[in-house]
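Thank you all for coming. I would like to walk you through one model this morning, starting from a single residue and widening out from there.

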Amino acid sequence: GTDWLQSQLNADGGFQNAGDIATPFQSTAETLRTFDTLAVDADTTASLQFINSETLNNTENLARKIIANADAGINVSGLLGQLLQHRNRDGGFGDLAGYDSNPLDTAFALEALAVAGQSGSQAAGFAVGYLLNAQSTNGGWSLAGNEPSVYVTALAMRAVWQYRGIFNVANN
């Protein structure tokens, strides 16, 4: 599978195929994360440049930039500062600064904080609390009062799981 992934590299450093439902930015960020997780020996210089050239710095994109750069050993303190501007008084994160908190963006932010070595930070603790409070009675997470979403629930669970040994996260 990793050979196939490597063969999907485009000239601009991005990873995307026709018909993909993810944006080129999302596909490239996930590919870089996969390479890091599996310790794939690949030249990711062009892909990191592709990621860092993204100008829309919403919470998801900032989180993906932080993860890609931190995994590559690049200082992410400036990106973390931008991400923390999206944090709200309720502990959650919104899409952009001043936007209402939501479980999706909070989950992305928590992932980035963990990868960047900020798991024990106050921001991470409040974000975990926000996610736990936003969990539906059926155990899922949703956006804007909709029915729980498998995608949002999976991201929230993955994010909270990383903090189970740091904060008092019960088996909900």
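This is a predicted model: local features need pLDDT of at least 70, side-chain atom pairs count only at pLDDT 80 or more; totals for chains, interfaces and linings use all residues.

**A serine and its surroundings**

If we set aside its neighbours within four places in sequence, S142 is in contact, meaning heavy atoms within 4.5 Å, with P103, S136, E147, P148, S149 and V152. Residues are numbered from 1 along each chain as its sequence is written, and side-chain values use heavy atoms, with hydrogens and water left out.

S142 sits in the loop between α7 (122-134) and α8 (150-161), where helices are DSSP runs of H or I with at least four residues, strands are runs of E with at least two, and numbering goes from the N terminus. Is S142 buried or exposed? With a relative accessible area of 13%, S142 is buried, the term standing for under 20%, with exposed over 50% and partly exposed in between, using a 1.4 Å probe and protein chains only. One of its contacts, P103, is 39 residues away in sequence, yet the two C-alpha atoms are 7.0 Å apart in space.

Of the 172 residues, 44% count as buried, and among contacts between residues at least 6 apart in sequence, 55% join residues at least 24 apart.

Finally, a pocket. The second largest pocket holds about 150 Å³ of space, and its lining consists of L32, F35, D36, V40, A42, T44, L48, A68, D71 and A72. A pocket here is an open set of points on a 1 Å grid where a 1.4 Å probe fits, with protein on both sides within 12 Å along at least five of seven lines, and lining residues have an atom within 4 Å of a point. Which element gives the largest share of that lining? That is α2, with three residues.

Notes
Grid points are joined across faces, edges and corners, and a volume is the space filled by probe spheres set on the points.
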